[in-house]
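These are my notebook entries on what I looked up, written in the order in which I went through the model.

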Amino acid sequence: MSTKRLCNEDYNDYSSTDVTPDGSFPDGLSNFSSPSSYQRFGEANGTTWWQTLIHLLKGNIGTGLLGLPLAIKNAGIVVGPVCLLLIGIIAVHCMDILVKCAHHFCHKHQKPFLDYGDAVMHGLEASPFSWLRTHSIWGRYLVSFFLILTQLGFCCVYFVFLADNFKQVISAANGTTNDCSANETALLAPTMSSQLYILSLLPFVILLVFIQNLKILSIFSMVANILMISSLIMLYQYIVWDIPNPNHLPLVAPWKTIPLFFGTAIFAYEGIGVVLPLENKMKTPHHFRIILYVGMGIVSVLYLSLGTLGYLRFGANIQASITLNLPNCWLYQSVKLLYSIGIFFTYALQFYVPAEIIIPAAASKVPERWTLCCKLLLRVFLVCVTCALAILIPRLDIVIALVGSVSSSALALIIPPILEIFTYYSEGMHPLIITKDILISLLGFTGFVVGTYESLLELIVPTVFNATAALP
């Protein structure tokens with residue numbers, strides 16, 4: 001029996017920046033007669049469990065990690081870590097729901113694998129509502145829409161992050177020394193605004209996204225990983241040293257900042273889009289759920305430790321990215337530069353997903369001789385859109401909370417529980433499971449509405465001190 005899986009011609013895995021696997025349909029797959037006998041088949045040249053774990057960690061660790069200390073401040077030193085842990089548990093549970101539902105439909109429809117959009121489409125086909133069944137294709141469109149929104153939102157965050165960090169390094173260049181004993185980075189020279197820094201990055205980002213070859217992008221991804229890991233090691237080394245007495249920190253923050261905490265926290269758990277693509281590419285996909293819990297356990301420990309220790313270390317002075325709190329010496333200025341360069345390269349990988357959804361469909365409508373020109377112009381246009389949005393919302397904390405509330409909450413919390421209900425309702429579900437799914441979706445929807453409202457309100461009428469905006 002072949003151990004490879006079919007890559008059917010209609011399958012477009014837009015949730016991943018890796019190449020979709022090719023292969024043939026397993027000979028015995030059609031002989032399975034019950035869900036209990038169904039088994040996932042890996043491909044011979046698929047990823048090992050170790051490679052899958054690394055990809056899972058990479059898909060969940062980014063700029064959201066560096067914003068978690070401010071998120072803890074927005075919730076309180078007690079409420080913040082507890083709620084972050086709860087959101088993490090719920091987010092990982094929703095990832096597991098997505099995998100379980102995809103397995104169910106793979107067996108039911110005799111398909112080797114499904115992506116997120118396929119799973120939601122088949123879930124609507126199985127729903128008890130006839131209107132949803134006849135319009136099930138909109139499930140795929142809905143996931144694609146939120147996926148585009150999420151990925152372009154990440155790109156906006158990257159623009160603001162790069163601008164803030166480069167601005168601080170350049171402003172302090174004349175006063176940067178080898179003495180790392182100071183607690184803060186003092187900006188000694190006036191400099192241009194964050195918006196101008198964002199605009200100055202635009203030509204370099206446009207040149208970066210012209211690279212369309214995934215093999216070349218994977219090299220940039222490896223470089224980005226090395227730079228970001230090195231930066232995190234130095235960052236941890238600094239924040240665990242000389243933590244002050246936390247007695248003055250509030251146990252519970254004002255209620256108006258809680259929605260900002262929610263948006264940042266759910267933004268950090270950004271990896272649900274890569275769950276099914278990673279599972280689809282494994283040699284032994286039946287081991288994926290173990291890897292999912294191990295990997296996300298490591299991610300949650302990293303989130304909790306950096307968020308809590310970062311807030312304990314810097315207290316009320318914590319900024320939108322913890323890198324902006326590092327002292328004015330060359331060692332920690334290099335941390336900002338290394339992480340920023342890693343994020344710059346990561347932009348191309350995040351941009352790949354919406355580009356592969358939007359650009360081929362649009363380019364197919366123009367004459368063939370204009371196809372290449374059209375594709376490049378669309379890439380420039382999409383980058384300019386993310387740049388313009390970043391200029392309009394130059395506050396890193398707000399843009400993270402807004403992206404998390406609007407799009408990440410839908411993909412990570414709202415859709416998976418509803419998918420589980422539609423998938424198994426006709427087969428009989430325990431009332432407690434239905435209640436659990438409804439509560440999770442309501443939590444996600446509440447965070448979506450309140451988080452979006454408070455983020456926009458904070459953008460229009462700032463009430464939370466923005467240390468980044470105060471920089472010269």
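This is a predicted model: local features need pLDDT of at least 70, side-chain atom pairs count only at pLDDT 80 or more; totals for chains, interfaces and linings use all residues.

Residues are numbered from 1 along each chain as its sequence is written, and side-chain values use heavy atoms, with hydrogens and water left out.

Entry on charged pairs. I looked up the salt bridges (a side-chain nitrogen of Lys or Arg within 4 Å of a carboxyl oxygen of Asp or Glu), and the structure holds nine. In one of them K436 pairs with D437, at 2.8 Å from N to O; K436 is partly exposed at 26%, whereas D437 is buried at 0%. I noted that these two belong to a network of salt bridges that also links K100 and E420.

R289 and D96 form a salt bridge, with their closest N and O atoms 2.7 Å apart. I found R289 in helix α12 and D96 in helix α4, 193 residues apart, where helices are DSSP runs (H or I, at least four residues) numbered from the N terminus. R289 is partly exposed, with a relative accessible area of 37%, while D96 is buried at 6%.

Entry on another pair. D115 and R140 also form a salt bridge, at 3.8 Å from N to O, and I noted that both are buried.

How values were computed
Helices (H or I, at least four residues) and strands (E, at least two) are DSSP runs, numbered from the N terminus. Buried means under 20% relative accessible area, exposed over 50%, partly exposed in between (1.4 Å probe, protein chains only).
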